[in-house]
Amino acid sequence: MTGDATIAGRTVSAGTVVAAPPEEVFALLANPHRHHEFDGSGTVRGAVSGPERLALGDRFGMDMKIKVPYRITNRVVEFEPDRRIGWCHPAKAIWRYELEPAPGGTRITETFDYSGSPVAKGMELLGFPKGNAKSIRETLRRLEEIFGPS
């Protein structure tokens, strides 16, 4: 079951355990053409560019919508097969997924890390940490639906 999101410094994080092996979970996370399937923010509409399986340094474009449609390009900045993947968007915030084998499946920890963003203070003023906490909980719930809770 999805845990409460924690806001610590300039990171927002939560975790859950799903009934699937890490390589199966990683395969979904590393395919940008499937991100809309588990996005809990409601902003990801679909991939417009990028490989079927991401690797370190890859770029991928996404159709997004927050009130109005827009496109964003992300770059993979953290990559350890079946263990960790993270991508950075233009505001220099990182979305990170860490996977660990756990009894009954895989522990997934999702983190939004905006500590390196030059607009971090603006993100805080706009309420991004609380909004991202809600989105992370919903994303993890969707991953539980896809893979089954442990």
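**Burial, fold and selected residues**

Guide: In this predicted model, buried residues account for 44% of the 150 residues in the protein.

Visitor: In what order do the helices and strands follow one another along the sequence?
Guide: The protein contains four helices and eight strands. Read along the sequence, they give the pattern β-β-α-α-β-β-β-β-β-β-α-α.

Visitor: What is the radius of gyration, and what does the globule rule give for 150 residues?
Guide: The C-alpha atoms fill a box of roughly 40 × 30 × 25 Å along the principal axes. For 150 residues the globule rule gives 15 Å, and the value for the protein is close to this, so the protein is as compact as a globular protein of that length. The radius of gyration is 14 Å.

Visitor: Which residues does F112 contact, leaving aside its neighbours within four places in sequence?
Guide: F112 is among the residues with the most contacts inside the largest nonpolar core. Beyond its sequence neighbours within four places, F112 is in contact with R10, T11, V12, H89, A93, I94, W95, M123, N132 and I136.

Visitor: Is T139 buried or exposed?
Guide: T139 lies in helix α4, residues 128-147. Leaving aside neighbours within four places in sequence, T139 is in contact with F38, D39, G40, S41, Y97 and E110. Its relative accessible area is 4%, and a residue under 20% counts as buried, so T139 is buried.

Visitor: Where does K67 lie, and is K67 buried or exposed?
Guide: K67 has a positive phi of about 70° although it is not a glycine. It lies in the loop between β4 (59-66) and β5 (68-80). The relative accessibility of K67 is 81%, and the cut-off for exposed is over 50%, so K67 is exposed.

Visitor: How does the relative accessibility of D82 class this residue: what term applies?
Guide: D82 is found in the loop between β5 and β6 (84-88). Its phi is near 65°, a positive value in a residue other than glycine. At 27% relative accessibility, D82 lies between the cut-offs of 20% and 50%, so D82 counts as partly exposed.

Conventions
Residues numbered from 1 in each chain as written. Predicted model: local features only at pLDDT ≥ 70, side-chain atom pairs only at ≥ 80, totals over all residues. Heavy atoms only, no water. Helix = DSSP H or I, 4+ residues; strand = E, 2+ residues; numbered from the N terminus. Rg over C-alpha atoms; globule rule 2.2 N^0.38 Å. Buried < 20%, exposed > 50% of the residue type's maximum accessible area, 1.4 Å probe, protein only. Contact = heavy atoms within 4.5 Å. Core = buried A, V, L, I, M, F, W, Y, C linked by side-chain atoms within 4.5 Å.
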